[in-house]
Amino acid sequence: MEQVPQKIDFSGEESSTLKYWDEIKAFETSLKLSEGKPEFSFYDGPPFATGLPHYGHLLAGTIKDTVTRYAHQTGHHVERRFGWDCHGLPIEFEIDKLFGVKTKEDVLKMGIPKYNQECRNIVMKFSHEWEVVVNRIGRWIDMKNNYKTMDLNFMESVWWVFGQLYQKDLVYQGFKVMPYSIGCTTPLSNFEASSNYKDVSDPALVVSFPIVGEEDVAFLAWTTTPWTLPSNLALTVNPKMEYIKVQDVKRNKKFILAATRTSILYKKKEEFTILQTYKGSELIGTKYVPIFPYFSSEAEKGAFVVIGGDFVTDDSGTGIVHTAPAYGEDDFDACLKHGIVSRDQFKRPCLNAVDANGCFTSDITDFAGIMVKDADKDIQKHLKDNGRLINAGTIVHSYPYCWRSDSPLIYKAVGSWFVRVESIRDRLLANNDKTYWVPDFVKEKRFANWLKNATDWAVSRNRYWGTPIPLWISEDGEEVVVVSSVDELEKLSGVRVNDLHRESIDHITIPSSKGKGTLRRIEDVFDCWFESGSMPYAQQHYPFENKDKFEKIFPAHFIAEGLDQTRGWFYTLLVLSTALFDKPPFQNLIVNGLVLASDGKKMSKRLKNYPDPMEVVGKYGADALRLYLINSPVVKAEPLKFNEKGVQDIIKDVFLPWFNAYRFFVQNALRFEKANNSTFVPEIEKAFSSDNIMDKWIMASCQSLIKFVREEMAAYRLYTVLPKLVKFIEELTNWYVRLNRRRFKGATGEQDCLVSLNILYEVLMTICVAMAPFTPFFTEYMYQNLKKCLPKEKQMDSVHFVMYPEPKKEAFNTRVEEMISRMQTVIELGRAARDRRNKPIKYPLKDYMVITENQQYLEDLATLKPYILEELNIQNIVLTSDEGSFVVVTAEADNKRLGLRLKADLKKVSPLIPKLTNEQLREFQKKGEIEVAGHIITSEELKIIRNYSGDKTNAEPSGNDEVLTVLDLVVDQSLLERGLAREMINRLQRLRKSSGLMAEDAVNMFYHTKCNDLKTSIENNQNYIKEIMLFNVVFHENPASFESPFATENVSIVNDSDAQIWFTR
């Protein structure tokens, strides 16, 4: 092995590791090594390359990389292929901004070939940056053999998917109210529309609708969308609600509204008189006068009449809903039910009063060409001028915005091609039940609830850069041909194509087989979610290629993405796989939460409220960022407030101690080799044969950890695995290494040193391989040196080629683990007591008492007594089971938990708990439950508190529900002297370290002081100092007489600069 430097640049070492991986083609080699092993299939959701990767991408990428690395190391072949989402609004929106495109006419003027070419030009805009970032965070995935949704093979498979759905009668053309983006001039899916809500202020108007033949009486309706009033065709009441006709005293008019909604107009009862009461059902069929004349002829088709609908409530408005079927889903359904509209009326003017750009058509003569949201004020003025505006106000409410253009959405009836989802809901739910999600509440609650209410999916978009929908239709719409492949298109049209974008196929026609002339392709392209939902098949060019391969690896073993994909990719994957094969698309899924800025707000480039990811990696390394992200609540679908200090703390609390333990091992293994003129060769038998209890403990803990990690990783629970791994590194460095430092340095004999080195090597190598999927760089760095101790045939080129360790059952020892845990508890209680009373560990104290009735606990501590004495710097430990003399036991109830269960009886139970006797509480501790006022109270609801009954003036108690400790704070002369000797040891060790000395390097150590107390303390503790330092420190009267000390320092122990120390050879 090579000597390890005193300091490490984690980020710099990672760069060296990346070069090494490139040299040995590490990823490609790992795939070759695993050929023939069981397949572990993984789908990578395709991102857009029009933006740079952010922390959300790094998080999901790290989760994917961790799980797939682990799968490889547990004996699987894992193909990992990167994909790019190339079509759709994100790309088009960039081109629209670049060329000032606002309408369909602008695109046609530019020409679809040029428009699409510009889209193609920017699709891979940041692909190089993505490759750099993905590589730098240590993610192993094939980015050269990637799939792109714009590739011919991918698009052809998408055609096949659609063709299959069409053959299964799961595709239809319909007229449906959908969320519509004016900014992008296209309808959106319901799941797209639900992703971006904002609080906005809108008009809130009460409008009158006079009754035909009784014009002095008017229905009142409330609306926050005045722009929909020109297309009003009905008023809807709830048949079961109560309505009233009132005389408005101030306005001298008669109005009809819900009996419970008078507050919309009136503050006092004196402002109106009730003239008549109705059930909503009595009002149905009443005709009223239209507000605007544009579609007055619709009255002949049943419009401008009161209809019934259960969706009407009395929690806002007037209890009467102004109903414009073209601009509200409930409105459309109600009018459909009452025969006012039908689903096939694509071209009826009253349902098409707003054009593709969100402006009123020429039918709306007063407001033609005006953007609908901009027309609200003009419409309000028109209503006022014509006496139809009864009340005007504003309302702040949550309103949907386009996720891409960030412009307000409207709801608009559009002709679209739909995939039937409502008819397969039961199958969707059944297939969802076959999947395993982490965390499960996302599957059971959020996703299942979404599926239960899933509506038919509008998959067509009236756009340009996308996979064209392969439907060729006759002029009368009666003959429809769906094309499922390039070959089929050639067969039907006689034209062979090598690209499937609009500019390549829009001109292609198909002769009618029914004598209907020429069939032409519809203009629409697929919603890009249809493409990403098709990726399991399209990335393999299924069924045209790789048929056997696909069928072996479908469904995927594993996928992972963010919580925002619940209504996106997870949903579209499931819809298509269920429709095609009646199978779930994946078996296991990890859902991550969102990464937010440190203030809890969304990360924003404009606000610059987060550090650049690559700057963070440059400072601390990718491993630190990876560990920070995946060892956080975000892997349980909870949000993470990103804080750069958290990454820094990972270095300080995990990687530096881990590095120091590794360096300490190498340092002492090389010392052993030098001292014994031999080579250190690890022998697992020596590790297992050790009788040292700390050796047994660290081996047992290590093997228990491996067993735990294997069990939890099989369940994809990263949130339980990472804390355990990190905790073990802390136990290794802060407990095992620290408590055994003298053994490693040979102070207890070279044979014992060899045993301890074997133990530490075994543990370091095991944890190195175990942590490799999580922290791939640092483990590689250590492995390359540690492996040099192994025979050549056991040395692998990379730690990532080493199979994951199997737990060695012969090392399991729960008894020893319990013993050490108890020792750690009393040491930590003692440290806490010192901290509270400002007694630093450097000052020795005399007695430390441990009190518990658990005799086994005391026996365990007696076995480990030397460690407790040393760690707490105390002279004596007193172990006693005499709780009666020292302990008063009281109980504290968890009133919140008890209250939920006991309800009103809590008042009976609560006063009795403080009155429980010591005997009752001790019995409760043994049994875990106690009866109070007829109720059984459990240990989860009652906390035992152990208080010290003695004088606390010079004693500091600490405890938990099992043990009480008492630290004696009285200090005598011998303790003071030992404390000063420890301080001298500390200064000598610091000077040795700064001088570059190794632990075994023999030097002459001298000191000089004029402080008699300090000199006495050092001389009285020379044996103690030599035990720690291995060499004596000699007092000298005249430091100046030494001509060439190679290290010297003035130090402060009792007073400032009260001693001088120096070394000679």
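# Report on a predicted chain

The buried residues of helix α36 (residues 918-927) are L921, R922 and F924. Here "buried" means a relative accessible area under 20%, "exposed" means over 50%, and "partly exposed" lies in between, using a 1.4 Å probe and protein chains only. Helices (H or I, at least four residues) and strands (E, at least two) are DSSP runs, numbered from the N terminus. The structure is a predicted model, in which local features need pLDDT of at least 70 and side-chain atom pairs count only at pLDDT 80 or more, while totals for chains, interfaces and linings use all residues. Residues are numbered from 1 along each chain as its sequence is written, and side-chain values use heavy atoms, with hydrogens and water left out.

## Helices with a buried side

The arc is that of the directions from the helix axis to the C-beta atoms. E919, K926 and K927, on the other side of α36, are exposed. Several elements cover the buried residues, including α33 (883-886), β29 (887-893), β30 (929-932), β31 (935-938) and β32 (942-948). After α36 comes G928, with a positive phi near 85°.

Helix α2 (residues 26-33) can be described in a similar way. Its buried residues include A26, F27 and S30. They cover an arc of only 100° around the axis, which puts them on the same side of α2. An α-helix has 3.6 residues a turn, so residues three or four places apart point the same way. The buried residues of α2 pack against α1 (10-24), α3 (55-73) and β2 (142-148).

## Two helix pairs

Helix α4 (residues 89-99) packs with helix α6 (residues 112-123) at an angle of about 110°, and their axes are 9 Å apart. Axes are lines fitted to C-alpha atoms, for helices over the stretch in contact, and angles run from 0 to 180 degrees between N-to-C directions. The angle makes α4 roughly perpendicular to α6. Angles of 65 to 115 degrees count as roughly perpendicular, under 35 as roughly parallel, over 145 as roughly antiparallel and the rest as oblique. The contact (heavy atoms within 4.5 Å) is made by I91, E92, E94, I95, D96 and F99 of α4, and by Y115, E118, C119, I122 and V123 of α6. By class, the contact of α4 with α6 has 7 nonpolar, no polar and 4 charged residues. In this count Ala, Val, Leu, Ile, Met, Phe, Trp, Tyr, Cys and Pro are nonpolar, Asp, Glu, Lys and Arg are charged, and the others, Gly among them, are polar.

In the second pair, the axes of helix α13 (residues 425-433) and helix α20 (residues 569-581) come within 10 Å and cross at roughly 105°. α13 and α20 are therefore roughly perpendicular to each other. On the α13 side the contact is made by R427, L428, N431 and N432, and on the α20 side by L574, V575, T578 and A579. The residues of this contact of α13 with α20 are 4 nonpolar, 3 polar and 1 charged.

## Single residues

V709 lies in helix α25 (residues 693-714). V709 is buried, with a relative accessible area of 0%. Leaving out residues up to four places away in sequence, V709 touches Y70, V721, L725 and Y804. From V709 to T149 there are 560 residues in sequence and 37 Å in space, C-alpha to C-alpha.

G618 is found in helix α21 (residues 613-620). G618 is partly exposed, with a relative accessible area of 44%. The C-alpha atoms of G618 and A669 are separated by 32 Å, and these residues are 51 apart along the chain.

## Backbone angles in loops

Most residues other than glycine have a negative phi, and most peptide bonds are trans. The table lists exceptions.

| Feature | Angle | Loop |
|---|---|---|
| Cis peptide bond, V438 and P439 | omega about 0° | P439: between β15 (436-438) and α14 (440-452) |
| Cis peptide bond, F554 and P555 | omega about 0° | P555: between α19 (547-553) and β23 (556-562) |
| Positive phi, D169 | phi near 60° | D169: between α8 (152-167) and β3 (171-181) |
| Positive phi, Y716 | phi near 60° | Y716: between α25 and α26 (718-739) |

Y716 is also buried, with a relative accessible area of 9%.

## The whole chain

The chain has 39 helices and 38 strands. Its C-alpha trace spans about 120 × 80 × 55 Å along the principal axes. Of the 1065 residues in the chain, 56% are buried. Among contacts between residues at least 6 apart in sequence, 76% join residues at least 24 apart.
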